[in-house]
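Please go through the structure shown here with its domains, its ligands and its chain geometry in mind. The paragraphs that follow take these topics in turn.

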Amino acid sequence: MQTFHVRTFGCQMNKHDSERVAGLLRSDGLEAVPYVDDADVVVYMTCCVRENADERLRGQVASLKAVKNARGGRQLIAVGGCIGQRDGEILLRQLPHVDVVFGTHNIAHLPALLEAAERHRKPQVEILEESTDFASDLPAEREHPWHAWVPITVGCDNFCSYCIVPHVRGRERSRELDDIVAEAERLRAEGVLEVTLLGQNVNSYGRDLYGSPRFAEVLEAVAATGIPRIRFATSHPKDLLDATIRTMANVAEVMPYLHLPVQSGSNDVLAAMNRHYAKESYLDLVERLYDAIPDLALSTDVIVGFPGETDADFEDTLDVVATSRVDQAFTFIYSPRAGTPAATMPDQVPREVAQERFDRLVEVVHRSALEKNVPFVGSVQPVLFAGTSKRDRRMLSGRSPHNKVVHVALAEGEEAADYAGRIVDVRIIEAQTWFLAGEIAR
Ligand code: SAH
Ligand code: SF4
Ligand code: F3S
């Protein structure tokens, strides 16, 4: 084993875990390579939140039937993440050429499992139900040196009726505040400019450890380390406290952007989803947010075609999305997940009906996104540049505080490396639905 390649599906938690997998393999002496074919070890970090994510993994792993890599060596295939956790041994029956299956709680054991698979020429499966460790304590190989994912909780206790996550990530557990701050201080010392605090529901941070939620304190403590940009995801509307809104409004390091999944605008559907809030209370929360943070950028998640969703229910969803003036919405057609209560609910919505609603929703989201972008024209925004756009190597790409993608054409004689990993003022000259364009403010 000399080289590895990690493929990541799913959410930010998986991205964080993949950076740990890469860090572990690197400290074991392996080297990362950009192509699957060149790797001695291929690790898939998988997601099963919706059916298409599930199927993509199977397709990709099945296509790797050739067990030799481009250099003629034996290729070891490991499957981790949420499908690993959920399916364990079953996965080996479906994909017998897989060498290691590991779960979401035992990332640290991956090097040992790979070694055992190689030594005994026998597939290894290890799935733990729970763990007491946080993967953050493992070595990391970060995608960008200036950005870090910092989990503050793992798992989820909410059991939304459609969702597989609590079944594959376990119960919610918070990390000690001191640990989080110590990690933030380390990251600051390494020159990290932006951290994203992670949890399935960051707003309930601390409930298990301290008896009541203390998320606002986490934001303040991380800001005090001097990290210039703090982001976080995800916020469950039922748990977002006024203390957090105040902190967002008052602490400059906390970026003016919030991801607040609404899922549906219909009170009947929200109740069936087990979300514990109503359309009216979501809209009231959104208004309080805009009152405190007038320039807030807001994104949301929406599921259309939940079992029993009627035309009238869907109209409520369109209304809540338009009234919330969202900057972005991640829209999904409901996908039944075996083992969740919604999968066996009556009145599953036909695919064509869901698709038609989905298309109408996307239109409303586009309109709202453009409306939120236009007011930025003429303003100067500090942009953290990540590199160039994938489509145009002369087009710098970065993010504004409001999490907007900002494009700036490179001047002659300039290179992307002059900007990557720096926060630079940009004058915005154009607003499109999904990005802003500007020029370096000199
Ligand atoms: N903890 C986060 C992320 C959950 S998964 C949260 O609560 O927001 C990300 C999104 O996937 C969810 O917000 C939901 O919109 C969507 N999702 C989850 N399960 C789904 C399912 N069975 N079908 C369709 N979309 C789903
Ligand atoms: Fe899933 Fe709901 Fe937990 Fe989010 S809050 S991970 S949607 S169960
Ligand atoms: Fe997917 Fe697991 Fe995240 S199921 S959304 S990768 S927690």
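**Domains, ligands and backbone**

Asp-17 and Arg-169 form a salt bridge in which the closest N and O atoms are 2.9 Å apart, a salt bridge being a side-chain nitrogen of Lys or Arg within 4 Å of a carboxyl oxygen of Asp or Glu. Across the interface of domain 1 and domain 2 the rule finds four salt bridges. The model is a predicted one, in which local features need pLDDT of at least 70 and side-chain atom pairs count only at pLDDT 80 or more, while totals for chains, interfaces and linings use all residues. Residues are numbered from 1 along each chain as its sequence is written, chains are lettered from A and ligands numbered from 1 in the order in which they are written, and side-chain values use heavy atoms, with hydrogens and water left out.

The protein chain is assigned domain 1 (3-126), domain 2 (135-374) and domain 3 (377-440), with bounds that come from an automatic or database domain assignment. Taken over C-alpha atoms, the centres of domain 1 and domain 2 are separated by 28 Å. Contact, meaning heavy atoms within 4.5 Å, joins 27 residues of domain 1 to 24 residues of domain 2. The area buried between domain 1 and domain 2, that is, the accessible area (1.4 Å probe) that two parts lose on being put together, summed over both, is about 2400 Å², and carbon and sulfur atoms give 59% of it. On the side of domain 1, Met-13, Glu-19 and Arg-20 lose the most area to domain 2, together 30% of what that side buries.

Across this interface there are also nine residue pairs in polar contact, both residues being at pLDDT 80 or more; a polar contact is a pair of N or O atoms within 3.5 Å, where within protein one must be able to donate a hydrogen and the other to accept it, and residues adjacent in sequence count only if both atoms are side-chain atoms. Helix 1 (12-27), helix 2 (51-62) and helix 3 (81-87) each supply at least two residues of the side of domain 1 that touches domain 2, and helix 1 gives the most to that side, with 13 residues. Helices (H or I, at least four residues) and strands (E, at least two) are DSSP runs, numbered from the N terminus.

Which residues come nearest to ligand 1? Of the 14 residues around ligand 1, these are Arg-50, Gln-200, Gln-263, Asp-301 and Ser-335, where a residue is near a molecule or strand if one of its heavy atoms lies within 4 Å of it. An oxygen atom of ligand 1 lies 2.6 Å from a polar side-chain atom of Asp-301. A nitrogen atom of ligand 1 is 2.7 Å from a backbone N or O atom of Ser-335, and a nitrogen atom of ligand 1 is 3.1 Å from a polar backbone atom of Tyr-162.

The residues around ligand 2 include Cys-156, Phe-159, Cys-160, Tyr-162, Cys-163 and Gln-200. Those around ligand 3 include Cys-11, Cys-47, Cys-48, Cys-82, Arg-169 and Gln-200.

Phe-159 has a phi near 45°, a positive value in a residue other than glycine, and is placed in the loop between strand 8 (153-154) and helix 6 (165-169). The peptide bond from Ala-233 to Thr-234 is cis, with omega near 5°, and Thr-234 is found in the loop between strand 11 (229-233) and helix 10 (242-250).

By the salt-bridge rule the count comes to 31. Asp-54 and Arg-337 meet through their side chains in a salt bridge (3.0 Å, N to O), a pair that links distant parts of the chain, 283 residues apart, with Asp-54 in helix 2 and Arg-337 in the loop between strand 14 (328-333) and helix 14 (351-373).
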